[in-house]
Amino acid sequence: MNNSRFYQTAIERINAETKRIDDFCDALDKNPAERKSNITEYKCAKYRYAGVTNVWYALFHSHRTAERNEENHYLAPEVNDVFITFPEYVALYDDAPDKEKRDYALYYGVIAFTESKIAEITAKLPFATDWEKIELEERIGGLQFAKECLDEAWEKRKEAVE
């Protein structure tokens, strides 16, 4: 399995963020008194992590299983199920050169998946209590960060192609 420039750039940035959050939470886990005094930051980090890892999973799993999922636009089935609901992204995939279809599918498929998750969580915000709202906003922040990683990786990929 060959890692494209897009995939490698995106997964490295997302991995760096998950490691940063892991290191922060692990340090607090080792010191219960400090964790207690920083419980808000700790919980917010965990919610952000949940958002980031949602995108990591979609990206990693789709990349890992691409060969088996050619009929699903090279995407993991759960990602493809969302991707096909975004006709503008499917059209970009359909118009892509054959040798670039996997990258197009991976980028636009995971972007569709991420946008769908953001919309799903955003719809819950008006009904959330104060703490629930913070949790949802942190998850959205994690999803948006991961989307920015995908966008940046896509731009770097385009620069390399041009």
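**Legends to close-up views**

**View 1. The axes of helix α1 (residues 5–29) and helix α3 approach within 9 Å and cross at roughly 150°.** This is a predicted model, in which local features require pLDDT of at least 70 and side-chain atom pairs count only at pLDDT 80 or more, while totals for chains, interfaces and linings use all residues. Residues are numbered from 1 along each chain as its sequence is written, and side-chain values use heavy atoms, with hydrogens and water left out. The axes are lines fitted to C-alpha atoms, for helices over the stretch in contact, with angles from 0 to 180 degrees between N-to-C directions. α1 and α3 are therefore roughly antiparallel to each other (an angle over 145 degrees; under 35 is roughly parallel, 65 to 115 roughly perpendicular and the rest oblique). The crossing of α1 and α3 is left-handed, that is, the near helix is turned anticlockwise from the far one by less than a right angle, whereas clockwise is right-handed. The contact of α1 with α3 comprises 17 nonpolar, four polar and seven charged residues (nonpolar: Ala, Val, Leu, Ile, Met, Phe, Trp, Tyr, Cys and Pro; charged: Asp, Glu, Lys and Arg; polar: the others, Gly among them).

**View 2. Glu17 lies in helix α1.** Glu17 is buried, with a relative accessible area of 7% (buried is under 20%, exposed over 50% and partly exposed in between, with a 1.4 Å probe and protein chains only). A separation of 11 Å lies between the C-alpha atoms of Glu17 and Ala45, which are 28 residues apart along the chain. In the protein chain as a whole, buried residues account for 44% of the 162 residues.

**View 3. Helices α3 and α6 pack at an angle of about 155°, their axes being 10 Å apart.** That angle makes α3 roughly antiparallel to α6. The crossing of α3 and α6 is right-handed. These helices belong to a protein chain with seven helices and zero strands (DSSP runs numbered from the N terminus: H or I of at least four residues for helices, E of at least two for strands). The C-alpha trace of this chain spans about 55 × 35 × 30 Å along its principal axes.

**View 4. The largest pocket holds about 190 Å³ of space.** Of its 14 lining residues, Asn2, Ser4, His63, Arg102 and Asp103 are the closest to the pocket centre. On a 1 Å grid over the protein atoms alone, a pocket is an open set of points with protein on both sides within 12 Å along at least five of seven lines, a cavity is a set where a 1.4 Å probe fits but cannot get out, and lining residues have an atom within 4 Å of a point. Points are joined across faces, edges and corners, and the volume is the space filled by probe spheres set on them. Helices α3 (39–64) and α6 (101–122) each contribute at least two residues to the lining of the largest pocket. The greatest contribution to this lining comes from α6, with four residues. By class, the lining contains four nonpolar, four polar and six charged residues.

**View 5. His73 is situated in the loop between α3 and α4 (77–83).** Phi of His73 is near 60°, a positive value in a residue other than glycine. The relative accessible area of His73 is 17%, and this residue is buried. Tyr74 is likewise found in the loop between α3 and α4. Phi of Tyr74 is near 65°, again a positive value in a residue other than glycine. Tyr74 is buried, with a relative accessible area of 17%.
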